[in-house]
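Work through these exercises with the sequence and the 3D view side by side. Try each task before you read its solution.

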Amino acid sequence: MIVMLTARRLKPSAWEQFRRAWDPGDAKPPGFQRAYHARSIRDEDEVVSFGLFDMSEDHYRSWRAEADAEEMRRVDSLSAFVENEYVSGVYEVIDVVEE
């Protein structure tokens with residue numbers, strides 16, 4: 001399982017525009033399971049976004065090599081609504097804690 005995660009500060013009142021630009025539409029990466037956007041309860045312009053993907057690291061690297069230009073255009077588009085990006089990365093799930 002791969003997790004793609006980014007924590008951002010959006011420009012004031014830019015959530016709706018950011019969300020539209022973020023949406024990959026039908027071009028979701030392979031293995032896409034779901035994505036979450038979580039807003040700080042103290043600051044509505046602080047948003048953590050993460051997606052869960054049922055794929056291996058090798059599969060991720062292969063997809064990214066094929067889709068890099070398209071993904072960079074999407075990120076450039078949504079970046080117009082971002083004031084600051086605190087952290088961004090791709091992570092492999094190494095442990096799951098259940099109820």
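**Exercise 1.** Which strands does helix 1 (residues 15-22) lie across, and at about what angle does it run to strand 2?

Solution. The model is predicted: local features need pLDDT of at least 70, side-chain atom pairs count only at pLDDT 80 or more, and totals for chains, interfaces and linings use all residues. Residues are numbered from 1 along each chain as its sequence is written, and side-chain values use heavy atoms, leaving out hydrogens and water.
- Helices (H or I, at least four residues) and strands (E, at least two) are DSSP runs, numbered from the N terminus.
- Helix 1 lies across strand 1, strand 2, strand 3 and strand 4.
- Its angle to strand 2 is about 165 degrees, on a scale from 0 to 180 degrees between N-to-C directions of axes fitted to C-alpha atoms, for helices over the stretch in contact (heavy atoms within 4.5 Å).

**Exercise 2.** In what order do the four strands of the open sheet lie?

Solution. 
- The order is 2-3-1-4, with antiparallel pairing; a pair needs at least two DSSP bridges.
- Strand 2 (32-39) and strand 4 (82-92) are the edges, each pairing on one side only.
- Strand 1 (residues 2-10) and strand 3 (residues 46-53) share eight bridges.
- Within strand 3, Leu52 is the bridge partner of Val3.
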